[in-house]
Amino acid sequence: PNGDWLVQYMDENLYLINTQTQRICAFDLGDYGEAGQGRIFYVQWSPDGRYLSMAIKRQNPTPELNILDIDSMELSILSLPLDIETWPPESIGGSVWLLDSQMIFVQVGSYDDETGKIMANWILVDIQTRQYSDVLPNYKFLPGVGNITWSPDGSKVAYSCSTEQEGNIC
């Protein structure tokens with residue numbers, strides 16, 4: 001966001017490029033297990049440019065939400081309690097930072113026996129405390145992130161979502 005860093009990623013490779021010094025840093029994202037490969041999805045800067053969020057699919061079938069602190073160059077995996085209905089997710093459908101760069105809105109999906117489809121829910125995660133809240137726990141959505149808009153004060157969000165009935169705005 002401030003133009004100091006560029007990110008390039010493909011499959012399991014993540015590179016940070018400093019636009020001031022032209023230095024390229026290959027970032028070690030950890031062990032991918034015996035398969036030796038992983039995939040990076042949904043890389044996104046926080047609004048203040050301090051954090052980089054990404055979903056990483058390693059050897060286990062569950063993608064992980066990882067946060068890279070650009071100031072310290074430390075990578076942390078958000079370990080959320082497994083008592084939320086959509087955990088463990090089979091997929092992370094995307095994420096969007098709140099304007100304060102301290103919370104992230106994450107779409108997680110898992111197989112739903114009732115519909116026979118992968119269905120998604122939204123959770124709001126505080127990246128410092130690792131606490132979360134299930135947003136709209138009584139609703140299930142078809143996976144996919146699109147057209148997310150925050151209110152100017154950051155207190156409300158509207159997005160285009162797909163449910164069993166098409167054309168809904170949530």
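This is a predicted model: local features need pLDDT of at least 70, side-chain atom pairs count only at pLDDT 80 or more; totals for chains, interfaces and linings use all residues.

Modeller: Residues are numbered from 1 along each chain as its sequence is written, and side-chain values use heavy atoms, with hydrogens and water left out.

Biologist: Which strands make up the open sheet of three strands, and in what order?

Modeller: Strands of a sheet pair through backbone hydrogen bonds, either parallel or antiparallel. Strands here are DSSP runs of E with at least two residues, numbered from the N terminus, and two of them pair if DSSP finds at least two bridges between them. The open sheet has the order β1-β2-β3, with antiparallel pairing. At its edges are β1 (5-10) and β3 (24-26), each pairing on one side only. From one strand to the next, the twist averages 20 degrees, where axes are lines fitted to C-alpha atoms and angles run from 0 to 180 degrees between N-to-C directions.

Biologist: How many bridges join β1 to β2?

Modeller: Six bridges join β1 to β2 (residues 13-18). Within this pairing, Tyr9 has Leu14 of β2 as its bridge partner.

Biologist: Why is strand β6 described as largely enclosed?

Modeller: Buried means under 20% relative accessible area, exposed over 50%, and partly exposed in between, with a 1.4 Å probe and protein chains only. Six of the six residues of β6 (residues 64-69) are buried, so this strand is largely enclosed by the rest of the structure. On one side lie Glu64, Asn66 and Leu68, and on the other Leu65, Ile67 and Asp69, all buried.

Biologist: With which strand does β6 pair?

Modeller: β6 pairs with β7 (residues 74-77) in the antiparallel sense over four bridges, and Asn66 has Ile77 as its bridge partner. Their hairpin has four residues between the strands, and Met73 takes a positive phi near 60 degrees there.

Biologist: Which residues form an aromatic pair?

Modeller: Rings of Phe, Tyr and Trp (its six-membered ring) pair if their centres lie within 6.5 Å; planes under 30 degrees apart count as stacked, over 60 as edge-to-face and the rest as tilted. By this rule the count is one aromatic pair. Tyr51 and Trp97 are stacked, at 6.0 Å centre to centre with 15 degrees between the planes. Tyr51 lies in β5 (residues 51-57) and Trp97 in β8 (residues 91-97), so the pair ties together parts that are 46 residues apart in sequence. Both Tyr51 and Trp97 are buried.
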